[in-house]
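Here are some exercises to work through with the structure open beside you. Try each task before you read its solution.

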Amino acid sequence: MVSPRTRSLLQYGVLALGLLAYGIVGVAAIAYPYDLGMYEGVVFAPALRLFQGEATFGPEAALTPPYNFPLYGPLYYAGLGALLKITGVAFWPGRLVSFVCGLGLAGLVFRHGRRVGLGTQESLLLANVFL
């Protein structure tokens, strides 16, 4: 029979492996230099337009080529456009924003679990399920 302390450590280890897997896959995706899916360019195009000083929202953006429709609100594209201005045109800044936001939201899920009375392990499990 396994002692409660050993069982607890094993459970934390399994949860840590889930977070580690998210980190490894996230870093590999950030480092990959090409488009990961056909929709990544659609998300990237409005930020690139903003980076170049063109309209991202409004009739000017809808009536002039390239004809793309922003999927997210202006705050995302403004942040990504600022990153593109600093780093240059590449896919990794957008992936980094998504990765960091995913970690931040997982942290909020963990915190919410603790606030509603769940234990640390249960809250970590919730965060892992979210990721």
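**Exercise 1.** In which helix is Arg49 found, and is Arg49 buried or exposed?

*Solution.* Start with the place: in this predicted model, Arg49 sits in helix H2. Next, look at the accessibility. Arg49 has a relative accessible area of 6%. Buried means under 20%, so Arg49 counts as buried. Finally, see what surrounds this residue. Leaving aside residues up to four places away in sequence, Arg49 touches several others, including Glu54, Glu60, Thr64 and Asn68.

**Exercise 2.** How many salt bridges does the structure hold, and which residues form them?

*Solution.* The count is two salt bridges. Take them one at a time.

- Step 1: Arg49 pairs with Glu54, with an N to O distance of 3.7 Å. A salt bridge needs these atoms within 4 Å, so the pair qualifies. Glu54 is partly exposed, at 37% relative accessible area, whereas Arg49 is buried.
- Step 2: Glu40 pairs with Arg95, and their closest N and O atoms are 2.7 Å apart. Arg95 is buried, with a relative accessible area of 7%.

**Exercise 3.** At what angle do H2 and H4 pack, and which residues make the contact?

*Solution.* Two packed helices are described by the angle between their axes and the distance between the axes. For H2 and H4, the angle is about 65 degrees and the axes are 8 Å apart. The crossing of these two helices is right-handed. Now look for the side that each helix brings to the contact. From H2 come Val43, Phe44, Pro46, Ala47, Leu48, Leu50 and Phe51, and from H4 come Tyr76, Tyr77, Ala78, Leu80, Gly81, Leu84 and Lys85. Sorted by class, the contact of H2 with H4 has 12 nonpolar residues, one polar and one charged.

**Exercise 4.** How do H4 and H5 cross: roughly parallel or oblique?

*Solution.* First find the angle. The axes of H4 (residues 74-87) and H5 cross at roughly 135 degrees and come within 9 Å. The crossing is right-handed. On the H4 side, the contact is made by Tyr76, Leu80, Leu83, Leu84 and Thr87; on the H5 side, by Trp92, Pro93, Gly94, Val97 and Ser98. By class, the contact of H4 with H5 has seven nonpolar residues, three polar and no charged.

**Exercise 5.** Are Ile86 and Tyr67 buried or exposed, and where does each one lie?

*Solution.* Ile86 is found in helix H4. Its relative accessibility is 71%, and exposed means over 50%, so Ile86 counts as exposed. Ile86 and Phe51 are 35 residues apart in sequence, with their C-alpha atoms 10.0 Å apart in space.

Tyr67 lies in the loop between helix H3 (59-63) and H4. With a relative accessible area of 62%, Tyr67 is exposed. To finish, find Tyr67 and Arg114 in the structure: they are 47 residues apart along the chain, and their C-alpha atoms are separated by 45 Å.

Terms used. Residues are numbered from 1 along each chain as its sequence is written. This is a predicted model: local features need pLDDT of at least 70, side-chain atom pairs count only at pLDDT 80 or more; totals for chains, interfaces and linings use all residues. Side-chain values use heavy atoms; hydrogens and water are left out. A salt bridge is a side-chain nitrogen of Lys or Arg within 4 Å of a carboxyl oxygen of Asp or Glu. Buried means under 20% relative accessible area, exposed over 50%, partly exposed in between (1.4 Å probe, protein chains only). Axes are lines fitted to C-alpha atoms, for helices over the stretch in contact, and angles run from 0 to 180 degrees between N-to-C directions. Helices (H or I, at least four residues) and strands (E, at least two) are DSSP runs, numbered from the N terminus. A crossing is left-handed if the near helix is turned anticlockwise from the far one by less than a right angle, and right-handed if clockwise. Contact means heavy atoms within 4.5 Å. Ala, Val, Leu, Ile, Met, Phe, Trp, Tyr, Cys and Pro count as nonpolar, Asp, Glu, Lys and Arg as charged, and the others, Gly among them, as polar.
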